Amino acid sequence: MHQTKLAALGPAGDPERLDAVRRFTLQVLASSGAAGEKELAAFQAHGYTRRNALEVVLGIGTYPLSTFTNRLLGAT
């Protein structure tokens with residue numbers, strides 16, 4: 001399902017820029033949301049903004065909420 005949606009968006013973005021999202025996401029997870037200014041600056045160095053950083057946090061928070069809801073409703 002996800003691959004189909006991604007394919008509809010067009011060609012993949014710059015691998016280094018995508019890797020910056022991956023690294024920042026892992027740092028946010030490892031620090032329970034307390035990624036520091038150094039990590040944020042590294043993320044922003046690839047063209048992302050503070051808003052994008054908040055979107056990463058929102059995405060991380062949405063995943064367990066949707067998983068728990070699906071399990072409660074038997075949708076998994």
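Trainee: Which helices do the buried residues of H4 pack against?
Mentor: The buried residues of H4 pack against helix H2 (15–30) and H3. Helices here are DSSP runs of H or I with at least four residues, strands are E runs of at least two, and both are numbered from the N terminus.

Trainee: Before we go on, what kind of model is it?
Mentor: It is a predicted model, where local features need pLDDT of at least 70, side-chain atom pairs count only at pLDDT 80 or more, and totals for chains, interfaces and linings use all residues. Residues are numbered from 1 along each chain as its sequence is written, and side-chain values use heavy atoms, with hydrogens and water left out.

Trainee: Thanks. Which residues in H4 are buried?
Mentor: Ala53, Val56 and Thr67 are buried in H4. Buried means under 20% relative accessible area, exposed means over 50%, and partly exposed is in between, with a 1.4 Å probe and protein chains only.

Trainee: How do H3 and H4 pack?
Mentor: H3 (residues 37–44) and H4 (residues 50–73) pack at an angle of about 110°, and their axes are 10 Å apart. That makes H3 roughly perpendicular to H4. The axes are lines fitted to C-alpha atoms, for helices over the stretch in contact, and angles run from 0 to 180 degrees between N-to-C directions. Angles under 35 degrees count as roughly parallel, over 145 as roughly antiparallel, 65 to 115 as roughly perpendicular and the rest as oblique.

Trainee: And which residues make that contact?
Mentor: From H3 there are Glu37, Leu40, Phe43 and Gln44, and from H4 there are Arg50, Asn52, Ala53 and Val56. Contact means heavy atoms within 4.5 Å.

Trainee: What happens at the start of H4?
Mentor: There, a side-chain oxygen of Thr49 reaches to within 3.3 Å of the backbone nitrogen of Arg51. After H4 comes Gly74, with a positive phi near 70°.

Trainee: Back to Thr67: why does it count as buried?
Mentor: Thr67 counts as buried because its relative accessibility is 13%. The Thr67 side chain also reaches the backbone oxygen of Tyr63 at 2.9 Å. That is a polar contact, meaning a pair of N or O atoms within 3.5 Å; within protein, one must be able to donate a hydrogen and the other to accept it, and residues adjacent in sequence count only if both atoms are side-chain atoms.

Trainee: New topic. What is the phi of Ser32?
Mentor: Ser32 has a positive phi of about 50°, although it is not a glycine. Most residues other than glycine have a negative phi. Ser32 sits in the loop between H2 and H3, and at 71% relative accessibility Ser32 counts as exposed.

Trainee: Last one: what does Val21 touch?
Mentor: Leaving aside neighbours within four places in sequence, Val21 is in contact with Phe43 and Tyr48. Val21 is in helix H2 and, at 25% relative accessibility, counts as partly exposed. Another H2 residue is Leu18, which touches Gly13 and Tyr48, not counting residues up to four places away in sequence.
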